[in-house]
Amino acid sequence: MVTLSKLYTMNPGQPKPEYFLDNSIEFLKGVGSARGEVLKKELEIFTFGDLLQHYPFRYVDRTKIYTIREVNDQMPYIQLKGKISSVTAVGIKKATRLIAQFRDETGMIELVWFRGIKWMRESLKAGVEYIVFGKPTLFQNKINIVHPEMEIVSEVSENINKSLQPFYNTTEISKVKGIDSRAILKLQRNLAERISFGEIKETLPEYLINELKMVSLKDALTAIHFPHDVNELRKAQFRLKFEELFYIQMKLLKLKLLRTERSRGKIFSKVGDHFNYFFYNRLPFQLTNAQKKVLKEIRIDMGSGKQMNRLLQGDVGSGKTLVALMSMLLSIDNGYQACIMAPTEILAKQHFETIKKFSGDMKINVELLTGSTKNKDRKRILENLQSSSIDILIGTHAVIEDDVQFNNLGLVVIDEQHRFGVEQRARLWTKDDFYPHVLVMTATPIPRTLAMTLYGDLDVSVIDELPPGRKHIKTVHYFESKRLLLFGFIKDQIKLERQVYIVYPLIEESEKMDYNNLMEGFESITREFPLPQFKVSIVHGRMKTKDKEYEMKNFVEGKTNVMVATTVIEVGVDVPNASVMVIESAERFGLSQLHQLRGRVGRGAEQSFCILMTGHKLSQEARLRLETMVRTNDGFEIAETDLKLRGPGEMSGTQQSGIVGLKIADLAKDSQILVLARKSAIRLLENDPHLVLSQHANVFSKISSMEKNKTNWSRVS
């Protein structure tokens, strides 16, 4: 382990910050103003602390030296010891590459350079013993190493070659400016020489560190950059991952605690005529056990006197809207209004039509308010909303505009909540002195670890059963060679009076990507399915709204048999008679999107099908996505696989939630650490909810410093 000096000297004229790690990065040896700007702009490294938390993304074992005889092109980075026997510049007029023959007692390997040829040719010394480090590759049946690291054995630092070497993320621009992984490592060494042990403040309670047998923060921060061995590295990683996840959970749980203490909710004390009439006379099918369980959880919340903040997860077609409607009927029975906010006009209209259909002859007033609502209707709706003659308002962002005033808002239902910003959602419940209850719905299944992090301040309910009569969608993967078989199957389904979606990833041809596109697909479909026997619609995002709605309306009403579309139909189109979903170039779609598209069919009682069409050239990841889709209809299993493939930063909604800010923890791999961190945070807050005990002073200090750079961890109030 690198020795950390106790020496700490300030540059003349530099104001001493409150904490050593808050020093601006340009004051570190080897940085300066120019490199400091690159670090700030490209890598978001502003302070000493930011550099210390710029953790390596992988490590290479420098403890082992291979012989040339052992080397093959399948090996990762390796280390060799030997001598250069000859150096040759290749090129007729101007050297295009430099080749050195490198030998040990077991054989010879070529070292190759394409850049810095003149400098390398002058610096390489024949007969001198070198340590060579790099990735072996195969070219023209010869093993070589391109642009290896070269160090003369007699000059090698004691710390190099006897430990795991870290590699750091950089950008192309930072590399051009001279800040690559090796430069970052050198800066880490410079920082280590200036840090005294006393300057690294402990951030976790001593009893928790002892209980979990964790190394100290100072040891972890040193070992993460300069580990002697794998065991030391693992201990450092566990400590830093735990801490990162622990403070995310502390932040979320404190928000929840604060809301519980301060946010009084309207008490829904009775189950009245509206709920009972619907349950006994209008229920379209018997509730599943999962729906009954969720309704019970919601009733308990809304009768507690505290504001409900509940996340309702349920796969496409699981009956979330029905649960939301029954919850809104409870609100109406207790003298309150209810509201549904949807991210798109299509989805808002879908909810409006579904709820009108469900409620039928019931005496409740349901209205729709969107950006395209005519001024005359909008004025009437706003007046009726203030007079309480509207029971349920359904709309898009239009419902949070300043002139939309509820008389007595009791329940807010937010659908596909990840599409709304935190401030947009919060504006709904600033419309009343008492906080309304909040039910957040999503049809995007969220892996448990991601849910605990994105929605850790919410209570979570899951509907994991399909309503009775629904059948699992049969999913198959066809290569292009089965195109004629596909067309025959579609024609058979249309003869049975079923309807078909055909979805393409692109609108127009792309020169860079060899995929079917929407316009070519539409032409081939209309040739294969000619009028008047077959009728084909086309829908894509570049169409005018009225044209898009016209085509969708024709398909919904059964006037067209086939809808050729882009992913604009991913949400908001509910056609029970549609039984076939064909996804062209399916390898172009992510797992979550494939699953959402598949959910557009299977909404009726008939057997439905999803056909994934691809070419024969598929990456290993694409094959895994397709195999997962064929194997299972379970949205949560699909979401877990998606998380492992893509990571949390790319999954739906996480960009705005701040989770991509994780510096070392990996939600796909560190679920056990996350669970442990959450349990530890819960226990701490149960014993000391306001962090007033002396043993939690450092926890209070850490959270206070986090508050200065406030992050929205998916707060809903």
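# A guided tour of the predicted model

The structure holds 26 salt bridges. Keep in mind that the model is predicted. The stops below begin with some of these charged pairs, then turn to a helix crossing, a sheet and a loop residue.

**Stop 1: Glu 202 and Arg 239**

Select Glu 202 and Arg 239 and show their side chains. The two form a salt bridge, with 2.6 Å between the closest N and O atoms. Now colour the elements they come from. Glu 202 sits in the loop between α5 (181-194) and α6 (206-211), while Arg 239 belongs to helix α8 (residues 230-262), so the pair ties together parts that are 37 residues apart in sequence. Glu 202 counts as partly exposed, at 28% relative accessibility.

**Stop 2: Glu 345 and Lys 349**

Move to helix α12, residues 345-359. Glu 345 and Lys 349 both lie in this helix, four residues apart, or about one turn. They form a salt bridge whose closest N and O atoms are 3.9 Å apart. Glu 345 is partly exposed, at 23% relative accessibility. Lys 349 is also partly exposed, with a relative accessible area of 27%.

**Stop 3: Glu 621 and Arg 625**

Next, select helix α20, residues 620-631. Arg 625 and Glu 621 are both in this helix, again four residues apart and about one turn of the helix. Their salt bridge brings the closest N and O atoms to 3.2 Å. Check the surface at each end of the pair. Arg 625 counts as buried at 11% relative accessibility. Glu 621, at 36%, counts as partly exposed.

**Stop 4: where α1 crosses α5**

Show helix α1 (residues 32-43) together with α5. At what angle do their axes cross? The axes cross at roughly 115° and come within 14 Å. That makes α1 roughly perpendicular to α5. The crossing is left-handed. From α1, the contact uses Arg 35, Leu 39 and Leu 43. From α5, Ala 183, Ile 184 and Leu 187 take part.

**Stop 5: a seven-stranded sheet**

Switch to a cartoon view and select strands β2 to β8. Seven strands form an open sheet here, and the pairing is mixed. Trace across in the order β6-β7-β4-β3-β2-β5-β8. The edges are β6 (136-139) and β8 (149-152), each of which pairs on one side only. On average, neighbouring strands of this sheet are turned by 45° against each other, direction ignored.

Strand β7 covers residues 142-146. How do β6 and β7 pair? They run in the antiparallel sense, over four bridges.

**Stop 6: Thr 560**

Finish at Thr 560. This residue lies in the loop between α18 (545-556) and β20 (562-565). Is Thr 560 buried or exposed? At 7% relative accessibility, Thr 560 counts as buried, because the cut-off for buried is under 20% relative accessible area. Now display what surrounds the residue. Leaving aside neighbours within four places in sequence, Thr 560 is in contact with Gln 499, Lys 535, Val 536, Ser 537, Asn 554 and Phe 555.

Notes: Residues are numbered from 1 along each chain as its sequence is written. This is a predicted model: local features need pLDDT of at least 70, side-chain atom pairs count only at pLDDT 80 or more; totals for chains, interfaces and linings use all residues. Side-chain values use heavy atoms; hydrogens and water are left out. Two strands pair if DSSP finds at least two bridges between them. Helices (H or I, at least four residues) and strands (E, at least two) are DSSP runs, numbered from the N terminus. Axes are lines fitted to C-alpha atoms, for helices over the stretch in contact, and angles run from 0 to 180 degrees between N-to-C directions. A salt bridge is a side-chain nitrogen of Lys or Arg within 4 Å of a carboxyl oxygen of Asp or Glu. Buried means under 20% relative accessible area, exposed over 50%, partly exposed in between (1.4 Å probe, protein chains only). Angles under 35 degrees count as roughly parallel, over 145 as roughly antiparallel, 65 to 115 as roughly perpendicular and the rest as oblique. A crossing is left-handed if the near helix is turned anticlockwise from the far one by less than a right angle, and right-handed if clockwise. Contact means heavy atoms within 4.5 Å.
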